[in-house]
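Here are some friendly notes to read alongside the model. Please keep the structure open and find each place as you go.

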Amino acid sequence: MKFIDTPCCEFVEVLSTKAPVPGGGGASALVGAVGIALGAMVGSLTVGKKKYASVESEMLVLMEKAAALQAELLRLVDEDAVVFEPLSKAYGISKDDPTRDQVMEDALRLACTVPMDIMRLCARAIELHDEFASKGSVLALSDAGTGAIFCKSALQGASLNVYINTHSMKDRNYASSIEAEADAILGKYCIMADDIFNSVTGRLRNRG
């Protein structure tokens with residue numbers, strides 16, 4: 001049974017236990033999927049409305065992109081558990097074992113792959129939210145803002161799952177290259193998500 005196929009209440013219950021998976025990476029992927037789904041909802045509430053006929057074709061393209069991101073993020077909920085398993089086993093290797101360091105290093109690298117993918121996908125999702133918020137139905141404006149902030153949270157959560165692994169790597173050059181990409185994504189897209197949120201908040205509070 002895949003985690004993504006389990007009921008929400010069961011997923012959350014397992015998440016709260018000491019089970020090694022799901023963890024922060026899988027949870028971040030799920031939050032990101034929910035976030036971009038809110039963007040798709042904005043599109044659904046915009047398409048077919050006369051008032052937004054001029055942007056309908058754009059909305060349809062955005063919705064298609066959002067659906068692809070949503071599917072990929074949902075896939076990564078389970079994939080994160082898969083790539084974490086070797087690391088979980090590596091921690092159990094005796095420190096006297098001469099192969100431990102290399103096994104651990106390889107496992108740490110693998111464990112970084114999915115959180116980095118989650119970050120990249122969330123960055124693209126935030127870009128879509130910028131368009132959903134600016135062009136979509138005002139009746140769903142709050143959903144665009146909520147989706148952007150969810151994707152920001154997922155982005156930040158995934159980054160922590162990158163950094164906890166790079167922190168333990170012996171190959172500092174490799175670790176630094178991964179961290180540099182993560183830093184750059186955070187630096188650009190957290191600001192973008194905050195700008196979307198602040199813009200949405202301003203529009204909703206402006207009664208003029």
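**Notes on the helices and the pocket**

1. Helices here are DSSP runs of H or I with at least four residues, numbered from the N terminus. This is a predicted model, in which local features need pLDDT of at least 70 and side-chain atom pairs count only at pLDDT 80 or more, while totals for chains, interfaces and linings use all residues. Residues are numbered from 1 along each chain as its sequence is written, and side-chain values use heavy atoms, with hydrogens and water left out.

2. Now look at α2 itself. From its first C-alpha to its last, α2 reaches 33 Å with 23 residues, close to the 33 Å expected at 1.5 Å a residue (the expected span is 1.5 Å times one less than the number of residues).

3. Next, find P22 in the loop between α1 (8–15) and α2. The peptide bond that joins V21 and P22 is cis, with omega about -5 degrees.

4. How do α3 and α4 pack? Helix α3 (residues 56–90) and helix α4 (residues 100–135) have axes 9 Å apart, at an angle of about 160 degrees. Axes are lines fitted to C-alpha atoms, for helices over the stretch in contact, and angles run from 0 to 180 degrees between N-to-C directions. The pair α3 and α4 is therefore roughly antiparallel (over 145 degrees; under 35 counts as roughly parallel, 65 to 115 as roughly perpendicular and the rest as oblique). By class, their contact has 25 nonpolar, one polar and ten charged residues (Ala, Val, Leu, Ile, Met, Phe, Trp, Tyr, Cys and Pro count as nonpolar, Asp, Glu, Lys and Arg as charged, and the others, Gly among them, as polar).

5. Move on to α4 and α5, whose axes lie 8 Å apart at an angle of about 160 degrees. That makes α4 roughly antiparallel to α5. In this contact, the residues divide into 20 nonpolar, six polar and one charged.

6. On a 1 Å grid over the protein atoms alone, a pocket is an open set of points where a 1.4 Å probe fits, with protein on both sides within 12 Å along at least five of seven lines; lining residues have an atom within 4 Å of a point. Of the 17 lining residues, F84, L87, N161, I164 and N165 are the closest to the centre of the pocket. The largest share of the lining, four residues, comes from α3.

How values were computed:
Helix = DSSP H or I, 4+ residues; strand = E, 2+ residues; numbered from the N terminus.
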